[in-house]
Amino acid sequence: MFSRSRSTLALSALLVSFAAAGCKSSPEQLPQFQTAGLRINVLKAYNKKDRIDIVVKIWNDHDVRINFALDDVRLMFNGREVSPTPGRGGDRTPDVQAKSNREFKWSFEIGDVVGEGQYPVEIRNMTKGDAPVGEPAKFDILVGR
């Protein structure tokens, strides 16, 4: 009986490892970016054949709220700029409260096969309260197979 439960446990572990090997996972991302008075961590970046899904956490170190439009978030891909798809998670007018942080999930419909690599992302036209920040926030994502 002891050897049978041990065999079952070993078989279960083997099946789990095969299943995990077949799953896509996000590659380890670059260290935190400090840009435009923000700190940005890319938590995940997934390649979904013809789109890229990312999860970022943004810390606002300013004394006032930061606002930007979803259309002002741009992924640079093969000489093109792609904005997140509005219906796939994400406010149309995202913000981060003063001295706070917030997590965002964005999906970029590329319309082309996405290869693995490093891709730049920018958040433009941000406002700090009622005043423009004056510079875009820039960070990179790493996309695996």
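**View 1. The protein has one helix and twelve strands.** Helices (H or I, at least four residues) and strands (E, at least two) are DSSP runs, numbered from the N terminus. Starting from the N terminus, the order of elements is α-β-β-β-β-β-β-β-β-β-β-β-β. The model is predicted: local features need pLDDT of at least 70 and side-chain atom pairs count only at pLDDT 80 or more, while totals for chains, interfaces and linings use all residues. Residues are numbered from 1 along each chain as its sequence is written, and side-chain values use heavy atoms, with hydrogens and water left out. Of the 145 residues, 34% count as buried; buried means under 20% relative accessible area, exposed over 50%, and partly exposed in between (1.4 Å probe, protein chains only). The protein exposes about 8600 Å², of which carbon and sulfur atoms supply 51%; accessible areas come from the Shrake-Rupley method with a 1.4 Å probe, and for residues only the protein chains shown count as cover. Among contacts with a separation of 6 or more, 65% are between residues 24 or more positions apart, a contact being heavy atoms within 4.5 Å.

**View 2. The largest nonpolar core has 32 residues.** Such a core is a set of buried Ala, Val, Leu, Ile, Met, Phe, Trp, Tyr and Cys residues joined through side-chain atoms within 4.5 Å. Trp-106, Phe-139 and Ile-141 touch the most other members. At least two residues of this core come from each of β2 (38-47), β3 (51-60), β5 (73-77), β8 (100-109), β9 (117-123) and β12 (137-143).

**View 3. Phe-68, Phe-104 and Trp-106 form one aromatic cluster.** Rings of Phe, Tyr and Trp (its six-membered ring) pair if their centres lie within 6.5 Å; planes under 30 degrees apart count as stacked, over 60 as edge-to-face and the rest as tilted. By this rule there are five aromatic pairs. Phe-68 and Trp-106 make an edge-to-face pair, 6.4 Å centre to centre with 75° between the planes. Phe-68 lies in the loop between β4 and β5 and Trp-106 in strand β8, so this pair ties together parts that are 38 residues apart in sequence. Phe-104 and Trp-106 are stacked, at 5.4 Å centre to centre and 20° between the planes. Phe-104 is buried at 3% relative accessible area, and Trp-106 is buried at 1%. Phe-68 is buried too.

**View 4. A network of salt bridges links Arg-74, Glu-81, Glu-122, Arg-124 and Lys-138.** A salt bridge is a side-chain nitrogen of Lys or Arg within 4 Å of a carboxyl oxygen of Asp or Glu. The structure holds nine of them. Glu-81 and Arg-74 meet at 3.4 Å, N to O; Glu-81 is partly exposed at 42%, as is Arg-74 at 22%. Arg-124 and Glu-122 meet at 2.9 Å, N to O. Arg-124 is partly exposed at 22%, whereas Glu-122 is buried at 15%.

**View 5. Asp-63 and Lys-99 form a salt bridge.** Their closest N and O atoms are 3.4 Å apart. The pair links distant parts of the chain, 36 residues apart: Asp-63 is in the loop between β3 and β4 (66-67), and Lys-99 is in the loop between β7 (95-96) and β8. Asp-63 is exposed at 65% relative accessibility, and Lys-99 is exposed at 57%.

**View 6. Arg-51 lies in strand β3.** Arg-51 is buried, with a relative accessible area of 16%. A polar contact of 3.3 Å joins its side chain to that of Ser-107. A polar contact is a pair of N or O atoms within 3.5 Å; within protein, one must be able to donate a hydrogen and the other to accept it, and residues adjacent in sequence count only if both atoms are side-chain atoms.
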